[in-house]
Amino acid sequence: GKYISSFVGFAPVENPAVLVLVLVENPRGAYYGGVVAAPAFREITRRALWHLKVPPSAQPSSLVAK
């Protein structure tokens, strides 16, 4: 009955500057990584790219997470 939810990704797609792994021990409610860990990935990655001064890129809509 215990879970570890995870999500890993990199950004930006064209020229990766960061690789982020998010692990959540014993998530409450949902336990799928895309539901539990992905929102944290998005915020951590956004802040890391800002801190590194990586400019936003134009991406096809098929690559942008919704």
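Before I list any neighbours: I call two residues in contact when they have heavy atoms within 4.5 Å. Also for the record, this is a predicted model.

**Entry 1: Thr-45**

I started with Thr-45, which sits in helix H2, residues 38-51. I skipped its neighbours within four places in sequence and looked up what else Thr-45 is in contact with: Ala-11, Val-18 and Val-20. Is Thr-45 buried or exposed? Its relative accessible area is 5%, and buried means under 20%, so Thr-45 counts as buried. I then checked where the side chain goes, and found that it reaches the backbone oxygen of Phe-41 at 2.8 Å.

**Entry 2: overall layout**

Stepping back, I count 2 helices and 2 strands in the protein. Along the sequence the pattern reads β-β-α-α. The protein has 66 residues, and 21% of them count as buried. I also looked at the contacts with a separation of 6 or more: 51% of them are between residues 24 or more positions apart.

Ala-11, Val-18 and Val-20 are the contacts of Thr-45, and Phe-41 carries the backbone oxygen that the Thr-45 side chain reaches.

Not counting residues up to four places away in sequence, Ala-37 touches Ser-5, Ser-6, Phe-7, Val-22, Val-24 and Tyr-32.

**Entry 3: nonpolar residues on the surface**

Next I turned to the outside. Ile-4, Val-8, Phe-10, Val-13, Leu-19, Leu-21 and Leu-23 form a nonpolar patch on the surface, and together they have about 740 Å² of accessible area. The elements giving two or more residues to the patch are strand S1 (4-11) and S2.

I looked up two members. Leu-21 is in strand S2, residues 18-25. With 54% relative accessibility, Leu-21 counts as exposed, since exposed means over 50%. Beyond its neighbours within four places in sequence, Leu-21 is in contact with Phe-7 and Val-8. How far apart are Leu-21 and Val-8 in sequence and in space? They are 13 residues apart in sequence, and C-alpha to C-alpha they are 4.3 Å apart.

Val-13, the other member, is in the loop between S1 and S2. It comes out as partly exposed, at 40% relative accessibility.

**Entry 4: salt bridges**

How many salt bridges does a search of the whole structure find? It finds 2.

One is between Arg-46 and Glu-43, with the closest N and O atoms 2.5 Å apart. These two are 3 residues apart in helix H2, so about one helical turn separates them. The other joins the side chains of Arg-47 and Glu-43, at 2.7 Å from N to O. Arg-47 and Glu-43 are 4 residues apart in H2, again about one helical turn. Because the salt bridges share partners, Glu-43, Arg-46 and Arg-47 are joined into one network.

Glu-43 is partly exposed at 29%, and Arg-46 is partly exposed at 48%. Arg-47 has a relative accessible area of 53% and counts as exposed.

**Entry 5: Tyr-31**

Last stop was Tyr-31, in the loop between S2 and helix H1 (33-36). Its relative accessibility is 34%, so I put Tyr-31 down as partly exposed. Leaving out neighbours within four places in sequence, Tyr-31 is in contact with Tyr-3, Ser-5 and Val-36. I also checked Tyr-31 against Lys-2: 29 residues apart in sequence, 9.4 Å from C-alpha to C-alpha.

Key: Residues are numbered from 1 along each chain as its sequence is written. This is a predicted model: local features need pLDDT of at least 70, side-chain atom pairs count only at pLDDT 80 or more; totals for chains, interfaces and linings use all residues. Side-chain values use heavy atoms; hydrogens and water are left out. Buried means under 20% relative accessible area, exposed over 50%, partly exposed in between (1.4 Å probe, protein chains only). A polar contact is a pair of N or O atoms within 3.5 Å; within protein, one must be able to donate a hydrogen and the other to accept it, and residues adjacent in sequence count only if both atoms are side-chain atoms. Patches are made of residues with over 30% relative accessible area and no salt bridge: like charges are joined within 9 Å, nonpolar side chains (Val, Leu, Ile, Met, Phe, Trp, Tyr) within 5 Å. Accessible areas come from the Shrake-Rupley method with a 1.4 Å probe; for residues, only the protein chains shown count as cover. A salt bridge is a side-chain nitrogen of Lys or Arg within 4 Å of a carboxyl oxygen of Asp or Glu.
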